[in-house]
Amino acid sequence: MTVRTRFAPSPTGYLHIGGARTALFNFLFARHHGGQYLLRIEDTDRQRSTPEAVRQILESLDWLGLQPDEPPVMQTAREARHAEVARMLLAAGKAYQCFCTPEELAQMREKAAAEGRPPRYDGRWRDRDPAEAPAGVRPVIRVKAPREGETVIQDLVQGEVRVQNGELDDMIILRSDGTPTYLHAVVVDDHDMDITHVIRGDDHLTNTFRQVMVYDAMGWRRPHFAHIPLIHGADGAKLSKRHGAVGALEFRDQGFLPEAVCNYLLRLGWGHGDEEFVPRERAIALFDLKDVGRAPSRMDYAKLTHLNAQYLRQMDAGAVAGKVLEILAHRPSISFGTEGAERVRLLMPDILPRARTLVEAADMAAFAVASQPLTMEAKAAALLTDEAKARLKDLAIFLTDAPWERADLDKWLRDYAEVKGLKLGAVAQPLRAALTGSTQSPPIDAVLLALGRAESVSRMLAAAGDEG
(Lines give C-alpha, C1' and ligand atoms only; values in the text may rest on other atoms or scores of the structure.)
Protein backbone atom coordinates (compact mmCIF):
# COMPACT_ATOMS: atom_id res chain seq x y z
CA MET A 1 0.00 0.00 0.00
CA THR A 2 1.30 3.41 -0.97
CA VAL A 3 0.65 5.92 1.79
CA ARG A 4 -1.32 8.93 0.60
CA THR A 5 -2.21 11.78 2.95
CA ARG A 6 -3.97 15.05 2.34
CA PHE A 7 -4.27 18.47 3.88
CA ALA A 8 -7.74 19.91 3.30
CA PRO A 9 -8.17 23.53 4.46
CA SER A 10 -11.28 25.63 3.95
CA PRO A 11 -10.47 28.94 2.19
CA THR A 12 -12.47 31.15 4.50
CA GLY A 13 -9.49 33.01 5.95
CA TYR A 14 -5.76 32.83 6.64
CA LEU A 15 -3.98 29.53 7.25
CA HIS A 16 -4.02 29.15 11.04
CA ILE A 17 -0.82 27.91 12.64
CA GLY A 18 -2.76 24.85 13.84
CA GLY A 19 -3.64 24.09 10.22
CA ALA A 20 0.00 24.54 9.27
CA ARG A 21 0.95 21.90 11.85
CA THR A 22 -1.68 19.53 10.43
CA ALA A 23 -0.20 20.03 6.95
CA LEU A 24 3.28 19.40 8.35
CA PHE A 25 2.23 16.14 10.03
CA ASN A 26 0.58 14.95 6.81
CA PHE A 27 3.68 15.89 4.82
CA LEU A 28 6.12 14.22 7.20
CA PHE A 29 4.06 11.03 7.55
CA ALA A 30 3.83 10.64 3.78
CA ARG A 31 7.54 11.34 3.29
CA HIS A 32 8.53 8.99 6.12
CA HIS A 33 6.64 6.14 4.43
CA GLY A 34 7.72 7.01 0.90
CA GLY A 35 4.20 8.08 -0.07
CA GLN A 36 2.43 11.15 -1.42
CA TYR A 37 1.08 14.23 0.29
CA LEU A 38 -1.83 15.99 -1.43
CA LEU A 39 -3.78 19.23 -1.05
CA ARG A 40 -7.53 19.71 -1.36
CA ILE A 41 -9.15 23.13 -1.03
CA GLU A 42 -12.53 22.53 0.58
CA ASP A 43 -14.41 25.50 -0.85
CA THR A 44 -17.96 24.18 -0.55
CA ASP A 45 -18.87 27.11 1.73
CA ARG A 46 -19.36 29.44 -1.23
CA GLN A 47 -20.47 32.41 0.84
CA ARG A 48 -17.32 32.50 2.97
CA SER A 49 -14.69 31.05 0.60
CA THR A 50 -12.62 33.62 -1.27
CA PRO A 51 -9.94 33.54 -3.98
CA GLU A 52 -7.73 35.66 -1.70
CA ALA A 53 -7.91 33.01 1.02
CA VAL A 54 -6.96 30.33 -1.52
CA ARG A 55 -3.98 32.42 -2.61
CA GLN A 56 -2.93 32.99 0.98
CA ILE A 57 -3.15 29.29 1.85
CA LEU A 58 -1.00 28.35 -1.16
CA GLU A 59 1.49 31.10 -0.31
CA SER A 60 1.67 29.92 3.30
CA LEU A 61 2.31 26.31 2.33
CA ASP A 62 4.90 27.38 -0.20
CA TRP A 63 6.70 29.45 2.44
CA LEU A 64 6.69 26.50 4.84
CA GLY A 65 8.05 24.15 2.17
CA LEU A 66 4.89 22.01 2.24
CA GLN A 67 4.00 21.99 -1.44
CA PRO A 68 1.78 19.03 -2.48
CA ASP A 69 2.96 16.27 -4.78
CA GLU A 70 0.02 16.79 -7.16
CA PRO A 71 -1.91 19.90 -8.25
CA PRO A 72 -4.42 21.05 -5.62
CA VAL A 73 -7.97 19.72 -5.92
CA MET A 74 -10.82 22.22 -5.63
CA GLN A 75 -13.74 20.53 -3.93
CA THR A 76 -16.44 22.50 -5.74
CA ALA A 77 -15.12 21.20 -9.07
CA ARG A 78 -16.23 17.72 -7.98
CA GLU A 79 -19.83 18.44 -7.04
CA ALA A 80 -21.22 16.30 -9.86
CA ARG A 81 -19.31 13.30 -8.50
CA HIS A 82 -20.55 13.98 -4.96
CA ALA A 83 -24.15 14.06 -6.21
CA GLU A 84 -23.59 10.90 -8.22
CA VAL A 85 -22.52 8.97 -5.12
CA ALA A 86 -25.51 10.29 -3.17
CA ARG A 87 -27.86 9.02 -5.89
CA MET A 88 -26.03 5.68 -5.97
CA LEU A 89 -26.77 5.30 -2.28
CA LEU A 90 -30.40 6.27 -2.89
CA ALA A 91 -30.75 3.69 -5.64
CA ALA A 92 -29.17 1.02 -3.43
CA GLY A 93 -31.61 1.69 -0.61
CA LYS A 94 -28.79 2.98 1.61
CA ALA A 95 -30.19 6.51 1.55
CA TYR A 96 -33.62 8.07 1.15
CA GLN A 97 -35.41 11.26 0.22
CA CYS A 98 -36.55 13.43 3.09
CA PHE A 99 -39.35 15.93 2.47
CA CYS A 100 -39.38 17.63 5.87
CA THR A 101 -40.22 21.31 5.81
CA PRO A 102 -38.11 23.87 7.68
CA GLU A 103 -40.99 24.23 10.14
CA GLU A 104 -40.98 20.50 10.92
CA LEU A 105 -37.23 20.52 11.49
CA ALA A 106 -37.55 23.51 13.80
CA GLN A 107 -40.22 21.68 15.81
CA MET A 108 -37.90 18.66 16.17
CA ARG A 109 -35.15 20.88 17.53
CA GLU A 110 -37.50 22.61 19.96
CA LYS A 111 -38.87 19.30 21.23
CA ALA A 112 -35.36 17.88 21.74
CA ALA A 113 -34.30 21.01 23.63
CA ALA A 114 -37.40 20.83 25.83
CA GLU A 115 -36.63 17.19 26.65
CA GLY A 116 -32.96 17.90 27.30
CA ARG A 117 -31.80 15.90 24.28
CA PRO A 118 -29.33 16.94 21.56
CA PRO A 119 -31.17 17.92 18.38
CA ARG A 120 -31.41 14.98 15.97
CA TYR A 121 -33.51 14.21 12.95
CA ASP A 122 -36.15 11.65 13.95
CA GLY A 123 -36.07 9.62 10.73
CA ARG A 124 -39.72 10.20 9.86
CA TRP A 125 -39.12 9.86 6.10
CA ARG A 126 -36.72 6.91 6.39
CA ASP A 127 -39.34 4.30 5.43
CA ARG A 128 -42.10 6.43 3.92
CA ASP A 129 -43.12 6.37 0.30
CA PRO A 130 -42.00 9.53 -1.56
CA ALA A 131 -45.45 9.51 -3.13
CA GLU A 132 -46.69 10.86 0.20
CA ALA A 133 -44.54 13.96 -0.16
CA PRO A 134 -46.27 17.33 0.18
CA ALA A 135 -46.49 19.39 -2.96
CA GLY A 136 -43.77 21.93 -3.63
CA VAL A 137 -41.18 20.53 -1.19
CA ARG A 138 -37.85 19.66 -2.75
CA PRO A 139 -36.27 16.74 -0.90
CA VAL A 140 -32.84 16.30 0.58
CA ILE A 141 -31.10 12.94 0.49
CA ARG A 142 -30.15 11.41 3.84
CA VAL A 143 -27.92 8.39 4.39
CA LYS A 144 -29.39 5.67 6.57
CA ALA A 145 -27.47 5.55 9.84
CA PRO A 146 -27.17 2.19 11.59
CA ARG A 147 -29.81 1.87 14.31
CA GLU A 148 -28.34 -0.90 16.47
CA GLY A 149 -24.96 -1.56 18.05
CA GLU A 150 -22.03 0.83 18.00
CA THR A 151 -19.51 2.33 15.60
CA VAL A 152 -15.86 1.80 16.48
CA ILE A 153 -12.93 3.87 15.20
CA GLN A 154 -9.38 2.58 15.64
CA ASP A 155 -7.69 5.96 15.78
CA LEU A 156 -3.91 6.04 15.36
CA VAL A 157 -3.58 8.80 17.98
CA GLN A 158 -6.66 8.58 20.18
CA GLY A 159 -6.80 4.79 20.28
CA GLU A 160 -10.10 2.93 20.12
CA VAL A 161 -13.07 5.29 20.17
CA ARG A 162 -16.68 4.10 20.28
CA VAL A 163 -20.10 5.68 19.87
CA GLN A 164 -23.51 4.11 20.25
CA ASN A 165 -25.32 4.14 16.91
CA GLY A 166 -28.44 5.34 18.68
CA GLU A 167 -26.65 8.67 19.11
CA LEU A 168 -26.29 9.12 15.34
CA ASP A 169 -28.99 10.44 13.04
CA ASP A 170 -29.51 10.18 9.30
CA MET A 171 -27.06 12.72 7.91
CA ILE A 172 -27.98 14.86 4.91
CA ILE A 173 -25.61 14.08 2.05
CA LEU A 174 -27.33 16.06 -0.74
CA ARG A 175 -29.22 19.30 -0.15
CA SER A 176 -32.52 20.14 -1.78
CA ASP A 177 -30.73 22.33 -4.33
CA GLY A 178 -28.62 19.36 -5.44
CA THR A 179 -25.38 20.47 -3.75
CA PRO A 180 -23.48 18.07 -1.50
CA THR A 181 -22.90 18.62 2.20
CA TYR A 182 -19.35 19.04 3.42
CA LEU A 183 -19.24 15.79 5.40
CA HIS A 184 -20.36 13.78 2.37
CA ALA A 185 -18.05 15.53 -0.10
CA VAL A 186 -15.01 14.86 2.11
CA VAL A 187 -15.66 11.11 2.08
CA VAL A 188 -16.12 10.93 -1.70
CA ASP A 189 -13.01 13.01 -2.30
CA ASP A 190 -10.85 11.00 0.10
CA HIS A 191 -11.99 7.77 -1.53
CA ASP A 192 -11.44 8.98 -5.09
CA MET A 193 -8.04 10.46 -4.19
CA ASP A 194 -6.99 7.10 -2.71
CA ILE A 195 -6.27 8.68 0.67
CA THR A 196 -4.97 6.01 3.04
CA HIS A 197 -4.51 8.13 6.17
CA VAL A 198 -6.70 11.03 7.31
CA ILE A 199 -4.62 13.09 9.73
CA ARG A 200 -6.50 16.07 11.12
CA GLY A 201 -7.40 17.95 14.29
CA ASP A 202 -9.33 16.14 16.99
CA ASP A 203 -12.16 18.64 16.61
CA HIS A 204 -13.12 16.49 13.59
CA LEU A 205 -13.40 13.28 15.62
CA THR A 206 -17.18 13.50 15.99
CA ASN A 207 -17.47 14.07 12.22
CA THR A 208 -15.65 10.81 11.63
CA PHE A 209 -18.47 8.72 13.08
CA ARG A 210 -20.86 10.37 10.63
CA GLN A 211 -18.50 10.04 7.69
CA VAL A 212 -17.85 6.32 8.15
CA MET A 213 -21.57 5.80 7.50
CA VAL A 214 -20.93 6.80 3.89
CA TYR A 215 -17.81 4.61 3.61
CA ASP A 216 -19.67 1.62 4.98
CA ALA A 217 -22.83 2.22 2.94
CA MET A 218 -20.76 2.39 -0.27
CA GLY A 219 -18.71 -0.66 0.70
CA TRP A 220 -15.53 1.40 0.56
CA ARG A 221 -12.46 0.71 2.64
CA ARG A 222 -12.17 3.18 5.49
CA PRO A 223 -8.91 5.11 5.62
CA HIS A 224 -6.82 5.07 8.78
CA PHE A 225 -7.80 8.00 11.00
CA ALA A 226 -5.47 10.01 13.23
CA HIS A 227 -6.94 12.90 15.18
CA ILE A 228 -4.27 15.15 16.64
CA PRO A 229 -4.91 17.43 19.65
CA LEU A 230 -5.35 21.14 19.05
CA ILE A 231 -2.91 23.92 19.91
CA HIS A 232 -3.86 26.14 22.84
CA GLY A 233 -2.48 29.40 24.13
CA ALA A 234 -0.27 29.58 27.21
CA ASP A 235 -3.42 30.01 29.34
CA GLY A 236 -4.90 26.75 28.08
CA ALA A 237 -7.60 28.47 26.02
CA LYS A 238 -8.06 27.93 22.28
CA LEU A 239 -5.27 29.72 20.44
CA SER A 240 -6.44 33.10 19.16
CA LYS A 241 -5.05 36.48 18.18
CA ARG A 242 -5.09 37.66 21.77
CA HIS A 243 -2.24 35.20 22.41
CA GLY A 244 -0.14 36.60 19.53
CA ALA A 245 0.36 35.68 15.89
CA VAL A 246 -1.79 32.77 14.71
CA GLY A 247 -1.61 33.03 10.89
CA ALA A 248 1.31 31.29 9.18
CA LEU A 249 2.26 34.38 7.18
CA GLU A 250 2.18 36.53 10.32
CA PHE A 251 5.20 34.56 11.52
CA ARG A 252 6.93 35.20 8.21
CA ASP A 253 6.21 38.92 8.49
CA GLN A 254 7.59 38.93 12.03
CA GLY A 255 10.90 37.59 10.76
CA PHE A 256 10.68 33.91 11.64
CA LEU A 257 12.33 31.34 9.40
CA PRO A 258 10.08 28.64 7.93
CA GLU A 259 12.55 25.98 9.06
CA ALA A 260 12.28 27.18 12.65
CA VAL A 261 8.48 27.44 12.53
CA CYS A 262 8.17 23.88 11.17
CA ASN A 263 10.64 22.58 13.74
CA TYR A 264 8.68 24.24 16.53
CA LEU A 265 5.30 23.00 15.24
CA LEU A 266 6.71 19.49 14.96
CA ARG A 267 7.56 19.54 18.66
CA LEU A 268 4.04 20.70 19.57
CA GLY A 269 2.47 17.34 20.25
CA TRP A 270 5.20 15.08 18.84
CA GLY A 271 8.49 14.16 20.40
CA HIS A 272 11.55 11.98 19.99
CA GLY A 273 13.39 11.86 23.27
CA ASP A 274 14.86 15.21 24.20
CA GLU A 275 15.59 16.37 20.66
CA GLU A 276 14.54 19.98 20.21
CA PHE A 277 16.50 20.88 17.07
CA VAL A 278 14.99 18.66 14.35
CA PRO A 279 15.74 19.82 10.78
CA ARG A 280 13.52 18.65 7.93
CA GLU A 281 15.46 15.57 6.83
CA ARG A 282 15.81 14.40 10.42
CA ALA A 283 12.09 14.96 10.95
CA ILE A 284 11.22 12.85 7.91
CA ALA A 285 13.43 10.04 9.17
CA LEU A 286 11.88 10.07 12.65
CA PHE A 287 8.24 11.05 12.27
CA ASP A 288 5.52 8.55 13.03
CA LEU A 289 2.06 8.89 14.50
CA LYS A 290 2.82 6.64 17.46
CA ASP A 291 4.86 9.49 18.93
CA VAL A 292 1.99 12.00 18.77
CA GLY A 293 0.52 12.71 22.20
CA ARG A 294 -3.15 12.98 23.09
CA ALA A 295 -2.99 16.13 25.20
CA PRO A 296 -3.40 19.62 23.71
CA SER A 297 -0.17 21.55 23.15
CA ARG A 298 0.49 25.07 24.35
CA MET A 299 1.98 27.68 22.10
CA ASP A 300 5.11 29.24 23.63
CA TYR A 301 6.28 32.19 21.56
CA ALA A 302 9.44 32.59 23.64
CA LYS A 303 10.53 29.04 22.81
CA LEU A 304 9.80 29.60 19.13
CA THR A 305 11.86 32.79 19.19
CA HIS A 306 14.76 31.00 20.91
CA LEU A 307 14.64 28.21 18.34
CA ASN A 308 14.51 30.71 15.51
CA ALA A 309 17.67 32.36 16.84
CA GLN A 310 19.42 28.97 16.72
CA TYR A 311 18.42 28.51 13.10
CA LEU A 312 19.56 32.03 12.23
CA ARG A 313 23.00 31.42 13.72
CA GLN A 314 23.44 28.28 11.65
CA MET A 315 22.68 30.08 8.40
CA ASP A 316 25.27 31.53 6.10
CA ALA A 317 25.67 35.23 6.92
CA GLY A 318 25.39 36.15 3.24
CA ALA A 319 22.07 34.32 2.91
CA VAL A 320 20.70 36.10 5.99
CA ALA A 321 21.92 39.43 4.61
CA GLY A 322 19.93 38.79 1.44
CA LYS A 323 16.73 38.23 3.45
CA VAL A 324 17.44 41.28 5.63
CA LEU A 325 17.94 43.46 2.55
CA GLU A 326 14.55 42.30 1.24
CA ILE A 327 12.94 43.45 4.48
CA LEU A 328 14.72 46.79 4.42
CA ALA A 329 13.81 47.35 0.76
CA HIS A 330 10.12 47.18 1.67
CA ARG A 331 10.36 49.80 4.40
CA PRO A 332 8.93 53.06 3.08
CA SER A 333 11.49 55.35 4.70
CA ILE A 334 14.57 53.53 3.38
CA SER A 335 16.19 53.67 -0.03
CA PHE A 336 19.65 52.31 -0.75
CA GLY A 337 21.89 51.10 -3.52
CA THR A 338 24.72 48.60 -3.85
CA GLU A 339 26.94 50.50 -1.40
CA GLY A 340 24.31 50.33 1.34
CA ALA A 341 23.69 46.65 0.62
CA GLU A 342 27.39 45.92 1.00
CA ARG A 343 27.42 47.66 4.39
CA VAL A 344 24.63 45.34 5.57
CA ARG A 345 26.55 42.29 4.35
CA LEU A 346 29.66 43.39 6.21
CA LEU A 347 27.68 43.87 9.42
CA MET A 348 25.82 40.57 9.32
CA PRO A 349 28.42 38.35 11.06
CA ASP A 350 28.24 40.71 14.05
CA ILE A 351 24.45 41.04 13.96
CA LEU A 352 23.64 37.33 13.78
CA PRO A 353 24.76 36.45 17.33
CA ARG A 354 22.45 39.18 18.66
CA ALA A 355 19.35 38.83 16.47
CA ARG A 356 16.53 36.38 17.18
CA THR A 357 14.48 37.08 14.05
CA LEU A 358 15.07 38.50 10.59
CA VAL A 359 13.12 41.60 11.57
CA GLU A 360 15.41 42.15 14.56
CA ALA A 361 18.41 41.71 12.24
CA ALA A 362 16.92 44.26 9.86
CA ASP A 363 16.30 46.69 12.71
CA MET A 364 19.94 46.33 13.79
CA ALA A 365 21.20 46.88 10.25
CA ALA A 366 18.87 49.71 9.27
CA PHE A 367 21.32 52.44 10.34
CA ALA A 368 23.78 51.26 7.69
CA VAL A 369 21.42 52.23 4.87
CA ALA A 370 19.88 55.27 6.55
CA SER A 371 20.20 58.69 4.95
CA GLN A 372 21.57 61.70 6.76
CA PRO A 373 20.57 63.39 8.93
CA LEU A 374 20.10 60.30 11.08
CA THR A 375 17.01 60.00 13.25
CA MET A 376 18.34 60.00 16.80
CA GLU A 377 16.87 57.98 19.63
CA ALA A 378 16.37 60.07 22.75
CA LYS A 379 19.09 58.25 24.71
CA ALA A 380 21.52 58.62 21.83
CA ALA A 381 20.79 62.33 21.44
CA ALA A 382 21.41 62.79 25.17
CA LEU A 383 24.96 61.47 24.73
CA LEU A 384 25.81 64.20 22.24
CA THR A 385 26.74 66.90 24.74
CA ASP A 386 28.85 69.87 23.73
CA GLU A 387 31.90 68.06 25.10
CA ALA A 388 31.04 64.91 23.13
CA LYS A 389 30.52 66.94 19.94
CA ALA A 390 33.92 68.57 20.30
CA ARG A 391 35.46 65.14 20.82
CA LEU A 392 33.70 63.81 17.70
CA LYS A 393 35.31 66.56 15.60
CA ASP A 394 38.67 65.73 17.07
CA LEU A 395 38.11 61.99 16.56
CA ALA A 396 37.07 62.55 12.95
CA ILE A 397 40.44 64.15 12.30
CA PHE A 398 42.19 61.39 14.23
CA LEU A 399 40.51 58.66 12.14
CA THR A 400 41.12 60.37 8.81
CA ASP A 401 44.58 58.82 8.59
CA ALA A 402 43.79 55.54 10.41
CA PRO A 403 44.25 52.22 8.56
CA TRP A 404 40.71 51.03 7.74
CA GLU A 405 41.03 47.46 8.97
CA ARG A 406 39.00 46.21 11.88
CA ALA A 407 41.87 45.32 14.19
CA ASP A 408 43.53 48.66 13.48
CA LEU A 409 40.31 50.59 14.10
CA ASP A 410 39.88 48.97 17.48
CA LYS A 411 43.50 49.74 18.38
CA TRP A 412 43.26 53.36 17.21
CA LEU A 413 40.13 53.98 19.30
CA ARG A 414 41.80 52.54 22.37
CA ASP A 415 44.92 54.59 21.71
CA TYR A 416 42.80 57.74 21.34
CA ALA A 417 41.03 57.09 24.65
CA GLU A 418 44.36 56.44 26.37
CA VAL A 419 45.97 59.58 24.97
CA LYS A 420 42.97 61.67 26.08
CA GLY A 421 42.86 60.01 29.48
CA LEU A 422 39.38 58.68 28.92
CA LYS A 423 37.65 55.38 29.43
CA LEU A 424 36.88 53.65 26.13
CA GLY A 425 33.13 53.92 26.77
CA ALA A 426 33.35 57.70 26.94
CA VAL A 427 34.68 57.62 23.39
CA ALA A 428 32.74 54.70 21.95
CA GLN A 429 29.23 55.56 23.15
CA PRO A 430 28.97 59.09 21.68
CA LEU A 431 30.65 57.71 18.55
CA ARG A 432 28.04 54.93 18.35
CA ALA A 433 25.26 57.51 18.70
CA ALA A 434 26.76 59.60 15.92
CA LEU A 435 27.20 56.65 13.56
CA THR A 436 23.95 54.76 14.22
CA GLY A 437 21.50 57.12 15.97
CA SER A 438 21.24 54.55 18.77
CA THR A 439 22.98 53.41 21.94
CA GLN A 440 22.79 49.78 20.77
CA SER A 441 24.67 48.44 17.76
CA PRO A 442 27.23 45.86 16.69
CA PRO A 443 30.77 46.52 17.98
CA ILE A 444 31.92 50.00 17.08
CA ASP A 445 34.90 48.79 15.04
CA ALA A 446 32.50 46.66 12.96
CA VAL A 447 30.27 49.69 12.45
CA LEU A 448 33.18 51.85 11.30
CA LEU A 449 34.43 49.16 8.95
CA ALA A 450 31.01 48.60 7.38
CA LEU A 451 30.23 52.31 6.90
CA GLY A 452 33.63 53.08 5.47
CA ARG A 453 35.88 56.03 6.16
CA ALA A 454 34.01 58.72 4.22
CA GLU A 455 30.54 57.88 5.55
CA SER A 456 31.81 57.45 9.12
CA VAL A 457 33.58 60.80 9.15
CA SER A 458 30.58 62.48 7.51
CA ARG A 459 28.21 61.14 10.18
CA MET A 460 30.56 62.13 12.99
CA LEU A 461 30.85 65.70 11.76
CA ALA A 462 27.09 65.91 11.17
CA ALA A 463 26.39 64.80 14.73
CA ALA A 464 28.96 67.33 15.96
CA GLY A 465 27.12 70.10 14.12
CA ASP A 466 29.91 70.53 11.59
CA GLU A 467 28.91 69.57 8.07
CA GLY A 468 32.54 69.87 7.05
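Contact here means heavy atoms within 4.5 Å. By that criterion, T44 touches Q75, T76 and Y182, not counting residues up to four places away in sequence. The structure is a predicted model, in which local features need pLDDT of at least 70 and side-chain atom pairs count only at pLDDT 80 or more, while totals for chains, interfaces and linings use all residues. Residues are numbered from 1 along each chain as its sequence is written, and side-chain values use heavy atoms, with hydrogens and water left out.

**Strands and sheet**

- Helices (H or I, at least four residues) and strands (E, at least two) are DSSP runs, numbered from the N terminus.
- Two strands pair if DSSP finds at least two bridges between them.
- An open sheet of three strands is ordered β4-β5-β8, and its pairing is antiparallel.
- The edge strands of this sheet are β4 (95-98) and β8 (172-174), each of which pairs on one side only.
- From one strand to the next, the twist averages 45°, where axes are lines fitted to C-alpha atoms (for helices over the stretch in contact) and angles run from 0 to 180 degrees between N-to-C directions.
- β4 and strand β5 (residues 140-143) run antiparallel and are joined by four bridges; Q97 stands opposite I141 in β5.
- Helix α3 (residues 79-91) packs on the sheet and touches β4, β5 and β8. The direction of α3 makes about 120° with that of β8.

**Hairpin**

- Strand β6 (residues 150-155) pairs with strand β7 (residues 159-164) in the antiparallel sense, over six bridges.
- Three residues lie between β6 and β7 in the hairpin that they form.
- The bridge partner of E150 is Q164, in β7.

**Aromatic pairs**

- A pair of aromatic rings is described by the distance of the centres and the angle of the planes.
- Rings of Phe, Tyr and Trp (its six-membered ring) pair if their centres lie within 6.5 Å; planes under 30 degrees apart count as stacked, over 60 as edge-to-face and the rest as tilted.
- The structure holds nine aromatic pairs.
- One of them is the stacked pair of F251 and Y301, with 6.2 Å centre to centre and 5° between the planes.
- This pair links distant parts of the chain, 50 residues apart: F251 is in helix α7 (residues 248-253) and Y301 in helix α10 (residues 301-314).
- The pair of F398 and Y416 is tilted, because the ring centres are 5.1 Å apart and the planes are at 55°.
- F398 lies in helix α15 (residues 386-400) and Y416 in helix α16 (residues 406-420), so this pair ties together parts that are 18 residues apart in sequence.
- F25, W270 and F287 are linked by ring pairs into a cluster.

**Charges over rings**

- A charge sits over a ring if NZ of Lys or CZ of Arg is within 6 Å of the ring centre and within 35 degrees of the ring normal.
- The charged end of R128 is placed over the ring of W125, 3.8 Å from its centre.
- R142 lies over the face of Y121, at 3.6 Å from the ring centre.

**Accessibility**

- Buried means under 20% relative accessible area, exposed over 50%, and partly exposed in between (1.4 Å probe, protein chains only).
- F251 counts as buried because its relative accessibility is 0%, whereas Y301 is partly exposed at 21%.
- F398, at 27%, counts as partly exposed, whereas Y416 is buried at 3%.
- T44 is in the loop between β2 (36-41) and α2 (51-63), and its relative accessible area of 17% is why T44 is buried.
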